[in-house]
Amino acid sequence: MTAAAPPPPSPKVFPRHGFLRCVPPLDLHTLLRLRLPPRHPLHRLLHSHSPNDRPPPPQHPPPHDAELWIAKALASAAFLRPHYLPAFRRLAPSQFAAAAALRHAPCASSALQLFSSLHSFPLAIPPSAHSYRYVISLMCQSGRQVDALQLFDQMTDQSGYLPNARFLSFLAGSCASAGLLDAAAALLSKASQFGCSIEAYAYNKLMGSLMGRGRVQDAVALFEGWIQGAVYAPDVWSFNVVITGVCQVGDVQKALELVERMHQFGCSPDTITHNILVNGLCRVNEVSKGREVLRRLQRDGVCMPNVMTYTSVISGYCKAGRMEDAVAVYNDMVACGTSPNVVTYNVLINGYGKARNMGSAVAVYQQMIFHRCPPDVVTFSSLIDGYCRCSQLDDAMKIWTDMAQCQIQPNAHTFSIIIHTLCKQNRSAEALRFLKELNMRTDIAPQAFIYNPVIDVLCKAGKVDEANTVLMEMEGKGCCPDKYTYTILIIGHCMKGRIAEAITFFHKMVESGCIPDSITVNSFISCLLKSGMANEVDQIMRIASGGTSSSWRDPSPITRRVDISVAV
């Protein structure tokens, strides 16, 4: 029986990528076989095949497969063994491989580091426009807009790549969202230099951001410069944004000029434009002009007014106390088929309440319920305020109960109205009860103007210890006393003869940045003089005039007395 023939020798297996057959004896895979801990996430960047166990290469390997392999190897070497990077020069990595390598970076910082490694010595691969855009986008997404802008300047100035309209709009929008409004404006102003035609949306968004920061004049100046330089073609929204801004600062004449210029750019004012204009006119007490705009809209019929247009005019008349004119506009609105909304009803109820005509205010409220328009916290607050103005506190308390039955929570303004009225009627116990209810609300940020009436009524009643307790609760809620709080406490403690505490409150007032007015200073000095504390008077006058520091030491034994009778 003949012996079995030995098995044929195993054929030598070459790596999958054909370009590795050109690698010298120190092959690249061995060079990049890094000693990583088990299950390290960067294992995915390397091929798991050993040099002696690789599939045969295809006869016609796709060229991009080699580039992708180099990209993975580049990323692995750059992150883990940077001193291996010079070995890649023999492969002459392309811009495509460098761009693909960036996608293996785990974060924006790593991508920026890899970008620098690939495009500087020793590899010095010329960066592609795609690489720039990718890293800049990562920088923006991670909140590093400053680094993104520096890389953008490098892309345009050093490498000579110009952005397209979409990328430039993205970068400007990212800078605007990050608060870098001037940088965003500079980018959009260069659009024509880059040969980009940016959509009006990007310019409108930036102008809206400037308006939101109170930089109305800057927004208007940019708008004027852009349209004069033909940087972009404004649309109706562009004009609406700018008109809103100038109306907010009370420059309605500029708003009217902008409306007239809209036709030069093929734009026609829409309902929103007229609403902005009417509201702006009414806010500067030009209600008659606002109503004239409303009448023109009704007469022309091209752009019909809506509920917001009517409500703006009604609100203007209510603020001016012209309730008959307000009702006339309301009747016109209903006759034209426009249904009032909750804001319309609230404006009328508030107007009647301020005019102390609670019969008409209640009638509007009943009409509101009849038309199935649900009231809100503003509705009830307006009714409570109206009853309080008429000294009908019991009726106001009934509205408070109705509000609770409707499961509507009072807001800070509602609490302020009821507490202030209770204090005016010296019903401090009830005011304290409402204040306690307010303190239990975690959704309301307390304000000093809510606490001040309670502290004032307690001090006037000589209950300064209770006033001090309210102050402690106020500060415990994170509410800082204001100038009026300190003034009430200073005078209240003086009236009780507790001069030392009054002096302490005065110094706290100055140290907190509240500047005492002449009433506070003169009243305080009068109390000090009547108490025979001339030295303290000199110091208080120097501090009030900004002459010395507010730090104070008790210089006189008399101030140590707890109770000194003072006639104010």
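**Aromatic pairs**

I began with the rule that rings of Phe, Tyr and Trp (its six-membered ring) pair if their centres lie within 6.5 Å, with planes under 30 degrees apart counting as stacked, over 60 as edge-to-face and the rest as tilted. I noted that this is a predicted model, in which local features need pLDDT of at least 70 and side-chain atom pairs count only at pLDDT 80 or more, while totals for chains, interfaces and linings use all residues. Residues are numbered from 1 along each chain as its sequence is written, and side-chain values use heavy atoms, with hydrogens and water left out.

A search of the whole structure gave me 15 aromatic pairs. I looked up Tyr-203 and Trp-226, whose ring centres lie 4.8 Å apart with planes at 70 degrees, so this pair is edge-to-face. The pair joins distant parts of the chain, since Tyr-203 sits in helix H9 (residues 200-212) and Trp-226 in helix H10 (residues 216-228), 23 residues apart; helices here are DSSP runs of H or I with at least four residues, numbered from the N terminus. Tyr-203 counts as buried because its relative accessibility is 0%, where buried means under 20% relative accessible area, exposed over 50% and partly exposed in between (1.4 Å probe, protein chains only). The rings of Tyr-203 and Tyr-232 have centres 4.2 Å apart and planes at 15 degrees, so I recorded this pair as stacked. Tyr-232 lies in the loop between H10 and helix H11 (236-248), 29 residues from Tyr-203.

**Helix H19**

I then turned to helix H19 (residues 377-389), which has 13 residues and reaches 18 Å from its first C-alpha to its last, close to the 18 Å expected at 1.5 Å a residue, the expected span being 1.5 Å times one less than the number of residues. How many of the residues of H19 are buried? I found that 11 of its 13 residues are buried, among them Phe-380, Ile-384 and Cys-388. The cover over these buried residues includes helix H17 (342-354), helix H18 (358-370), helix H20 (393-405) and helix H21 (412-424). Just after H19, Ser-391 takes a positive phi of about 60 degrees.

**Contacts and cysteines**

Cys-423 counts as buried because its relative accessibility is 8%, whereas Cys-406, at 40%, counts as partly exposed.

Note on methods
Helices (H or I, at least four residues) and strands (E, at least two) are DSSP runs, numbered from the N terminus. Contact means heavy atoms within 4.5 Å.
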